[in-house]
Amino acid sequence: MRVLLIGANGYLGRFVADRLLADPAVQLTALGRGDDADVRFDLATGSPGALTRFLDAVHPGVVVNCAGATRGGARELTRHNTVAVATVCEALRRSGCGARLVQIGCSAEYGPSQPGSSTAEDAVPRPGGPYGVSKLAATELVLGSGLDAVVLRVFSPAGPGTPAGSPLGRLAEAMRRAMQSGDGELKLGGLGAQRDFVDVRDVARAVHAASLSAAQGVINIGSGRAVRLRDAAAVLARVAGYSGALHELDGPHTPHLRPAIGHPRTESDHQVAPVAAPYPDGCGSWQQADVRTARDRLGWRPRINLEESLADIWMEAACRI
């Protein structure tokens, strides 16, 4: 099976590439903006015609799109997350390769959920920010393209390579600094949110399974269990061997001062301007995936628990001590 992987150098893409390369039946070609890509191509600026010519030359059976942006303004997010996917869909329609498309979506497309609920694929998406809007627009483009396509709506990925700007990445960095400086007390804000964490290696397994399946539409990829960030912080402290006290500074009397999730805060921070959005991902206080569709249609279940994911995150953070 010849697979074209777009975004192989990204956080998810690196693990997807490893998983696909481990399958002897897969012949992998990486397309991206970096010098180490097999083929250099920028989806945000490249034309569908140019991509079509490449598809016709390589003739892949599956195209996996892991490319995209998680940060930036609405214009940048739209260019990298929506326009880029429009280019892929149009090129596949024009091409004679007949490739199947596996698009990586995001739980931010759903927006906030009712606490205690599990979000299934038929939930009405109500993204709470420009990132979720740009990813939802991409999903709608894929679903309306008429292609053989599936969108994997990934919840909160964790594990090795977790970006330093993510909630778990910020937690690990704050704990590393505390241990390095010998602080016996770590003050953190924004730990009340509950998220469904899924290991990035399990996500890669899901992409591999989706590439081989005939499933179409949207499929949630998550653990099926929401975890409060303060509980994740406690597990991370145990894994790291941090014996200091963890103090959460959020409180019902100061909701307008809640910092970004996992951000360390000192008393002097009460003098700074309030943060406008307590949940930067636009997902509110709760998200939990209903993962029955992934089980039934892909034969996929998560294998790696959060403690193992956190141990790998800490291992990378500890190397910077």
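P302 touches D202, R205, G222 and S223, leaving aside residues up to four places away in sequence. The model is predicted. P302 sits in the loop that joins α8 (292-298) to α9 (306-318). Its relative accessibility is 32%. P302 therefore counts as partly exposed, since that class lies between the 20% and 50% cut-offs. G46 is 256 residues from P302 along the chain. The C-alpha atoms of P302 and G46 are separated by 36 Å.

Helix α7 spans residues 229-240 and has 12 residues. From its first C-alpha to its last, α7 reaches 16 Å. This is close to the 16 Å expected at 1.5 Å a residue. The buried residues of α7 are L229, A232, A233, L236, A237 and A240. Viewed down the axis of α7, these residues fall within an arc of 145 degrees, so they line one face of the helix. An α-helix has 3.6 residues a turn, so residues three or four places apart point the same way. The packing partners of the buried residues of α7 are α5 (167-181), β9 (194-199), β11 (226-228), β12 (245-248) and α9. Just after α7 comes G241, with a positive phi of about 75 degrees.

Confidence was examined along the protein chain. The average pLDDT is 90, and 90% of the residues score at least 70. Where pLDDT is low, the predicted coordinates should not be read in detail.

Definitions and conventions: Residues are numbered from 1 along each chain as its sequence is written. This is a predicted model: local features need pLDDT of at least 70, side-chain atom pairs count only at pLDDT 80 or more; totals for chains, interfaces and linings use all residues. Side-chain values use heavy atoms; hydrogens and water are left out. Helices (H or I, at least four residues) and strands (E, at least two) are DSSP runs, numbered from the N terminus. Buried means under 20% relative accessible area, exposed over 50%, partly exposed in between (1.4 Å probe, protein chains only). Contact means heavy atoms within 4.5 Å. pLDDT is the predictor's confidence in each residue, from 0 to 100. The expected span of a helix is 1.5 Å times one less than its number of residues. The arc is that of the directions from the helix axis to the C-beta atoms.
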